[in-house]
Amino acid sequence: MTDRNNVEIEFPEVDLTGIQGVLLDLDDTLYSYDRCHDYALLKAHVHINGHLNLDCDEFLKEYSKARARVNTELKGQGSSHSRLLYFQKLLESVAGKTNFSLSISSEEVYWRSFFEKMELLTDARYFLEKCKNKHIPICIVTDLTAKIQMEKIVKLGIADYIDFLVSSEEAGVEKPHPYIFKLAVEKLGIDNDKLIMIGDNINRDVLGARLLNIKSIHISKK
Ligand SMILES: [Mg+2]
């Protein structure tokens, strides 16, 4: 696995003139996803290896295979990112049957380790404070299941800065589908031309918002 701990996300200075509400991506926008995922995956491997004999390369190969299959089968839905389904299929492939307790505990180890490693970007914190001071409400618009994304918001310590969440599990579609943005606009109750979307993915975040005439800003990595 490549070391992605040195990849830095640059949260930009955002001009809020004329802006009454913010749509905000979560993963790789407010914290670095890759370093948390890489760490969590290694912890999940150690956990699984304590029960089954599975070396790291084989584990990573099986994980990619399981993830690709779930992504394809559940394309466009929040559950396409379910680590429980990834571990279930990985273990089924390795052991030839469902291992219920190990599927559950591997998912728990993965997310516990992931949350441990999450750190809010300093510039993102400044931005959230700026919005709060200006009474500009924020809706997080994010692809994944509601529970995990809610837990991330709580663990990052930003729940008091965020007014709403729209997850792809809730919407039944993923970014850049217009419906997920429409749900967020509806929750905020603010006209599209007074909103701004901020996110790291050009297609999902930036172009997705622009389909609804919502101004958007791209977060870059260096
Ligand atoms: Mg993202």
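Let's start in a loop, the one between α9 and β6 (215-218), where N213 is found. Keep in mind that this is a predicted model. N213 has a positive phi of about 60°, and it is not a glycine. What makes that worth a look? Most residues other than glycine have a negative phi. Is N213 buried or exposed? Exposed means over 50% relative accessible area. N213 has 64%, so it counts as exposed.

There is another case. H135 is not a glycine, yet its phi is positive, about 55°. Look for H135 in the loop between α5 (122-133) and β3 (138-142). H135 has a relative accessible area of 71%, so it is exposed.

Staying with the backbone, most peptide bonds are trans. Which residues does a cis peptide bond join here? They are K175 and P176, with omega at about 15°. P176 lies in the loop between α7 (168-171) and α8 (178-188).

Now the metal. Which protein donors does the magnesium ion have? They are D25 (OD), D27 (O) and D200 (OD). They lie 2.1 to 2.2 Å from the ion. Along the sequence, the spacing of the donor residues reads D-x1-D-x172-D. D25 and D200 link distant parts of the chain, 175 residues apart. D25 is in the loop between β2 (21-24) and α1, while D200 is in the loop between β5 (195-199) and α9. Buried means under 20% relative accessible area. D25 has 4%, so D25 is buried.

Next, the largest pocket. Its volume is about 490 Å³. The pocket is lined by 21 residues, and the closest to its centre are D27, Y33, H81, D143 and R204. D27 is also one of the magnesium donors. Which elements give two or more residues to the lining? They are α1 (33-49), α2 (56-73), α3 (83-95) and α9 (202-210). By class, the lining has 12 charged, five polar and four nonpolar residues.

Last, the rings. The count of aromatic pairs comes to 12. Ring pairs link a cluster that includes Y31, Y33, F59, Y63 and W111. Y33 also turned up close to the pocket centre. Two lysines sit over rings as well. K117 lies over the face of Y39, 4.6 Å from the ring centre. The charged end of K132 is over the ring of Y161, at 5.8 Å from its centre.

That's my tour. Over to you.

Definitions and conventions
Residues numbered from 1 in each chain as written. Predicted model: local features only at pLDDT ≥ 70, side-chain atom pairs only at ≥ 80, totals over all residues. Heavy atoms only, no water. 1 Å grid on protein atoms, 1.4 Å probe; cavity = no way out; pocket = protein on both sides within 12 Å on 5 of 7 lines; lining within 4 Å. Points joined across faces, edges and corners; volume = space filled by probe spheres on them. Helix = DSSP H or I, 4+ residues; strand = E, 2+ residues; numbered from the N terminus. Nonpolar A, V, L, I, M, F, W, Y, C, P; charged D, E, K, R; others polar. Donors = N, O, S within 2.8 Å, 3.2 Å for Na, K, Ca; no water. Buried < 20%, exposed > 50% of the residue type's maximum accessible area, 1.4 Å probe, protein only. Phe/Tyr/Trp six-rings, centres within 6.5 Å; stacked < 30°, edge-to-face > 60°. Lys NZ or Arg CZ within 6 Å of the ring centre and 35° of its normal.
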